[in-house]
Amino acid sequence: MTQIVSFVLNGAPVQVPADPHQRLIDLLRGPLHQTGTKEGCGQGECGACTVIIDGRPVNACLYPAPEADGTTITTIEGLGGDNTELSTIQRAFVECGGIQCGYCTPGMILSTKALLDRRPDPTEAEIRQGLAGNLCRCTGYVQIIESVKWAAERLRDKS
Amino acid sequence: MTPEAYYKPRTLEEAFALKADHPEAFFIAGGTDLMVLMRAGICRPSALISLRHIEPLHQLTVGATTHIGAMTRVAELLEHPEIEERYPLLTAAARRLGSPQVRSVATVGGNLANASPCADTAVALLALGARIRLASPDGEREIPLDQFFVGPKTTCLFSQELVTEIILDEDARGTHGVFIKKGRVKMDIAQASLALWARVKDGQCEQIRLAAGSVGPVPLRLPEVERVLLNHPLDDDRISQASTAAEQTVQPITDIRATADYRRQLIGVFVRRALRQICTESR
């Protein structure tokens, strides 16, 4: 029994059919063609598919697609700045070498955004906790933590 | 078989009616376990009945008696200032449940009803002496949480029954609570975990409850250890006895995460550490 789900994706309203067994990531990467969100383990362990739903970080591989109805969702595609520039968090990962193969990066960046939206001035321990659900197999964790600190500093300067 | 429908009832009555119509359907709470099990083909519900849109299941009231709606998300529990103030033991356990992404959607009721022996909130709630309220089309009942778990992934819930809320009768301010968990990495499932709650007066435990995770078929209360400690001075000798009793009481297995021997050893160490901590706190 397919149902139509409506939600706000990266600021724009979308409507898409969802099957009962589908997950949010199936909608994003399938009919919505938003392939920035990656599927890694498909079991909620690696965090590659992290998106922000109503202000909280969520694994899109564990989220039932029918429950997307009525929510507000941000994916990596929604993070860019003006004129196709990178957002501050994205730039931080580039500047600090927080990206190697890039597969974990959209999830890392969304977890970073969810963290910094709530805690603009996190301690290193809070950063590590905030990213505890995101795995990087190139093991660039030191640079990733540096990226978050870099982004936090600049976002604070901005505001 | 994949689920042929996804229902979003707004009331318990509606949810029960759907379950009556679809006996092979599953109730789904946060879904952080069920979604994985369905994808792996381990669970094959004919339909899904979501509990997310049933408002009363989301209510959280803190007072002389605290009621935690079963659909309270773990992140919401953590953000509730009064829960942290009154039940820091519960907050400590909830903070160690999964990753931020999982805590955003996983629910307290789901963590219990899933009946995993390693459930972090279950261990803390057992030590806090929680009761749970269950509802079915035939009515409601309340049971102590330590009667809820029957075996791995098995509870005493009837097929049409649901956990609706978790009840804490005592305000835990002025008492001691310790939660210790060892996982391979921070967000991992516990290799072993321990929760201890105690009311200490003049160096003795007037009331004490211990519970352990990942060391038996269900989240375990440790009454043998409680008996060793109740109304005795908390000296080094007593702490050693309690630690030994804990090692003897638990029934761990060897699996992918740890060996039985290692788990047994962990629990002994945890009991010792937890008791030393409350000794220091109550001095």
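The model is predicted: local features need pLDDT of at least 70 and side-chain atom pairs count only at pLDDT 80 or more, while totals for chains, interfaces and linings use all residues. Residues are numbered from 1 along each chain as its sequence is written, chains are lettered from A and ligands numbered from 1 in the order in which they are written, and side-chain values use heavy atoms, with hydrogens and water left out.

**Chain A**

Select chain A and colour by secondary structure. Chain A holds 5 helices and 5 strands (DSSP runs numbered from the N terminus: H or I of at least four residues for helices, E of at least two for strands). Followed from the N terminus, the order is β-β-α-β-β-β-α-α-α-α. The radius of gyration of chain A is 15 Å, close to the 15 Å given by the globule rule for 159 residues, so chain A is as compact as a globular protein of that length; the radius is taken over C-alpha atoms, and the rule is 2.2 Å times the number of residues to the power 0.38. Along the principal axes, the C-alpha atoms of chain A fill a box of roughly 45 × 30 × 25 Å.

**Thr88(A)**

Next, select Thr88(A), which lies in helix α2 (residues 88-95) of chain A. Thr88(A) counts as buried because its relative accessibility is 7% (buried is under 20% relative accessible area, exposed over 50%, partly exposed in between, with a 1.4 Å probe and protein chains only). Beyond its neighbours within four places in sequence, Thr88(A) is in contact with Trp150(A), Ala151(A), Arg154(A), Leu155(A) and Lys158(A), contact meaning heavy atoms within 4.5 Å.

**Between the chains**

Display both chains: 30 residues of chain A are in contact with 29 residues of chain B. The area buried between them is about 2,400 Å², with 56% from carbon and sulfur atoms; buried area is the accessible area (1.4 Å probe) that two parts lose on being put together, summed over both. Select Arg56(A), Leu62(A) and Glu67(A), which supply 27% of the area that chain A buries against chain B, more than any other three residues.

**Chain B**

Of the 283 residues of chain B, 58% are buried.
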